[in-house]
Amino acid sequence: MEDNNTRSMPVEQKIINPPNGVLVLVILLFLCLMVPVLFISGATSWRGGGIRIMLSIILCFVLPFLFGGLRSVRPNEALVLTLFGKYYGTIVKPGYFFVNPFARYNNPAYDAQAASSLATDSTEITSRKNTKTGASRVKKTVSLKRSTLDNGTQKVNDALGNPIIIGAVVLWHVEDPTKAVFNVENYTEFLSIQTDSTIRNMARLYPYDVFDDGLEEDTSGKAEQTLRGSSQEIAEKMQVELAEKVAFAGLVIEEVRITHIAYAEEIAAAMLQRQQASAIIAARAKIVDGAVSMVKMAIDKLSDEEIVELDQERKAQMVSNLLVVLCGNKDAQPIVNSGSVY
């Protein structure tokens with residue numbers, strides 16, 4: 001029981017400052033030069049020659065092993081090391097260092113690509129093809145630079161059950177490389193899956209669009225948020241939710257942006273007709289409001305300036321004619337009445 005609890009506990013980051021690799025490299029090169037000197041002096045000397053020869057032989061086997069402890073770290077990168085299965089430390093400072101030669105680097109992306117290379121690049125021809133096509137090489141270090149994740153588009157259902165196509169991009173970076181390496185299996189795949197889950201969960205809470213004016217406001221009087229009209233606010237909520245999910249992996253979500261949103265193909269045509277109908281109705285309502293205002297202004301102007309006196313029947317006929325002229329889609333054809341108005 002205790003072993004299970006120990007394995008599930010997150011690993012705390014330990015920053016190490018190993019010795020300068022340049023200084024160690026100079027020492028190792030000096031020892032390499034001393035190997036033939038010790039061997040020759042031991043072979044030509046009668047006293048203590050065996051010790052010198054034995055020392056030179058030992059250096060021949062030890063020096064190549066010590067060269068394996070030289071590691072370089074570039075800016076905005078970190079090197080996570082383990083020693084005999086235990087966490088050894090993390091180097092976050094750029095430079096050239098010397099660490100324990102038994103220490104092993106840890107980067108899930110590098111290990112995954114190495115395993116894939118062993119499975120697919122079994123022949124020299126395949127390897128050459130990969131080199132010519134410029135296949136990306138993942139480094140042993142963990143990148144701390146800002147990265148952009150584009151998961152493409154996916155089909156989900158909005159709050160009204162309509163199928164929609166939505167896509168988003170995520171701007172992120174690794175803040176704690178130790179957590180990114182040890183707390184999850186592969187932090188890049190972990191982020192990709194959590195992004196899909198967050199987009200789906202958030203898209204199901206909001207409708208794509210609202211067509212009924214009576215539903216555009218909730219009980220508090222605020223306009224209802226939609227995926228189309230409130231994409232920025234919803235993207236910010238996605239950022240907060242996604243950041244909480246990936247914090248365990250030492251990742252920081254800087255920004256989430258919705259890049260693509262549309263109805264699915266099976267309902268796109270029907271929804272387009274619905275949008276067009278809503279636009280026509282809204283335009284007609286605007287035209288009617290303006291026409292009524294103009295008719296009222298015309299009648300009031302005629303009455304105030306006493307140009308002509310109209311009874312209720314003639315006013316109704318005038319209102320009808322003006323509304324037909326103002327609200328019609330086509331130009332009206334006037335009829336000149338040469339007789340009496342009455």
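Asn76 counts as partly exposed because its relative accessibility is 49%, where buried means under 20% relative accessible area, exposed over 50% and partly exposed in between (1.4 Å probe, protein chains only). This is a predicted model, in which local features need pLDDT of at least 70, side-chain atom pairs count only at pLDDT 80 or more, and totals for chains, interfaces and linings use all residues. Residues are numbered from 1 along each chain as its sequence is written, and side-chain values use heavy atoms, with hydrogens and water left out.

Back to Asn76: look for it in the loop between β1 (70-73) and β2 (77-83). Its phi is positive, about 60 degrees, although the residue is not a glycine. Most residues other than glycine have a negative phi. Phe84 has a positive phi too, about 55 degrees, and is not a glycine either. You'll find Phe84 in the loop between β2 and β3 (86-91), and it is exposed, with a relative accessible area of 65%.

Zooming out, the protein has ten helices and nine strands; helices (H or I, at least four residues) and strands (E, at least two) are DSSP runs, numbered from the N terminus. Of its 342 residues, 28% count as buried.

Now for helix α3 (residues 49-67). At 1.5 Å times one less than its number of residues, its 19 residues should span 27 Å, and its end C-alpha atoms are 27 Å apart, which agrees. Still, there is a kink of about 30 degrees at Cys60, shortly before the proline Pro64; the bend is the angle between axes fitted to the seven residues ending there and the seven starting there. Gly49, Ser56, Leu59 and Leu63 of α3 are buried, and what covers the buried residues includes α2 (21-44).

How do α2 and α3 sit together? Their axes come within 8 Å and cross at roughly 155 degrees, using lines fitted to C-alpha atoms, for helices over the stretch in contact, with angles from 0 to 180 degrees between N-to-C directions. The two are therefore roughly antiparallel, a label for angles over 145 degrees, while under 35 is roughly parallel, 65 to 115 roughly perpendicular and the rest oblique.

Note on methods:
Contact means heavy atoms within 4.5 Å.
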